[in-house]
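Here are some questions and answers for a reader meeting this structure for the first time. Each answer sets a value against the definition behind it.

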Amino acid sequence: VHIIVTTQVLEEGLNVPGCHLVIRFDPPTTGRSFIQSRGRARMPNSDYVLLVRRGDAEAHSKTLKFLASGQIMREASLKLASTMCQPLEDTLLQEEYYRVESTGATVTMNSSVQLIYFFCSKLPSDEYFKPLPRFIIDKELRTCTLYLPNSSPVQAVNTEGEVSALKKAVCLKACRELHAVGALTDYLLPEFGFPCEEEPDIVVEKYQHEQPEYFPEEFVYNWLYFSRLGIYYCYKISVEGCLKTTYCPNDILLAVKCDLGPDFVSTSLKLFGEQDNASVAMKYVGNIHLNQEQ
């Protein structure tokens, strides 16, 4: 049984198409509250139940008024629906804009700044680098230069004009140039995957539940690839300086397919904690050759 128990905070905004019953324990205080809470019953032929204390004539009278007001608004809406409305004033002509004729997609000076930031957010990034646009404005020369991240096909855009509108103007110009080189689609949305060539389809092998020789390729790749290079570099990891009264783990031998380099020939890291003298040592001890069976 799917039930939501809530306060009046969910009178607005909750859209559950499958809701077919709304039970209101406390009477609505306003007509708006009545209409909003009734509108939560989205399913056709749904029920809206109002609980009113027996003998409370005031609450009962207010409920009847709410029901009547709903009918009045419904009739007024139907009446207005048959009246032709005057078209809204086209404010687009009051500012500079760029439109793609084939799709009708339009970006104005006001919306161009947001589009440039959105475009940059779709460029390659990681936890250390977030691609963002950079603006250099010279108020004396009344010029602005927009620098886009290196992964963008358009690197820099220049413009001049009114200082108050320089940022918007250079972003609108950048939108034109990005669309011209294909970085923005005809719908003025970022074109994902530019400017890389088409990558081959990734072939995923079907998982076998009982596989006699299974190993995670993320760690050791495919054995056939290393069949002629079965050499492993071995590093001994040990904990030193443990107190005799405490547990000290055994040494660990780490065998990897590549040489970790001179930094790991012999290194030690101090462990900070209850045992001030404890440390972890890592030392290269040579290499071994393993065949497939080993």
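Q: How many helices and strands does the protein chain have, and what makes a run of residues count as one?
A: The protein chain has five helices and 11 strands. Helices (H or I, at least four residues) and strands (E, at least two) are DSSP runs, numbered from the N terminus. The model is a predicted one, in which local features need pLDDT of at least 70 and side-chain atom pairs count only at pLDDT 80 or more, while totals for chains, interfaces and linings use all residues. Residues are numbered from 1 along each chain as its sequence is written, and side-chain values use heavy atoms, with hydrogens and water left out.

Q: Why is Ser 238 called buried?
A: Buried means under 20% relative accessible area, exposed over 50%, and partly exposed in between (1.4 Å probe, protein chains only). Ser 238 has a relative accessible area of 9%, so it is buried. By this definition, 23% of the 294 residues of the protein chain count as buried.

Q: Where does Ser 238 lie, and which residues is Ser 238 in contact with, leaving aside its neighbours within four places in sequence?
A: Ser 238 lies in strand 8 (residues 231-240). Contact means heavy atoms within 4.5 Å, and Ser 238 is in contact with Asp 251, Ser 279, Val 280 and Ala 281 once those neighbours are left aside.

Q: How do you know that strand 5 and strand 6 pair?
A: Two strands pair if DSSP finds at least two bridges between them. Five bridges join strand 5 to strand 6 (residues 143-147), so the two strands pair, and they run antiparallel. In strand 6, Cys 144 is the bridge partner of Ile 137.

Q: What makes strand 5 and strand 7 edge strands?
A: The open sheet has three strands in the order 5-6-7, with antiparallel pairing. Strand 5 (134-138) and strand 7 (156-160) each pair on one side only.

Q: What lines the largest pocket, and what makes a residue part of the lining?
A: On a 1 Å grid over the protein atoms alone, a pocket is an open set of points where a 1.4 Å probe fits, with protein on both sides within 12 Å along at least five of seven lines; lining residues have an atom within 4 Å of a point. The largest pocket is lined by 25 residues, of which Ile 4, Val 5, Thr 6, Val 22 and Ile 23 lie nearest its centre. Strand 1 gives the most to this lining, with four residues.
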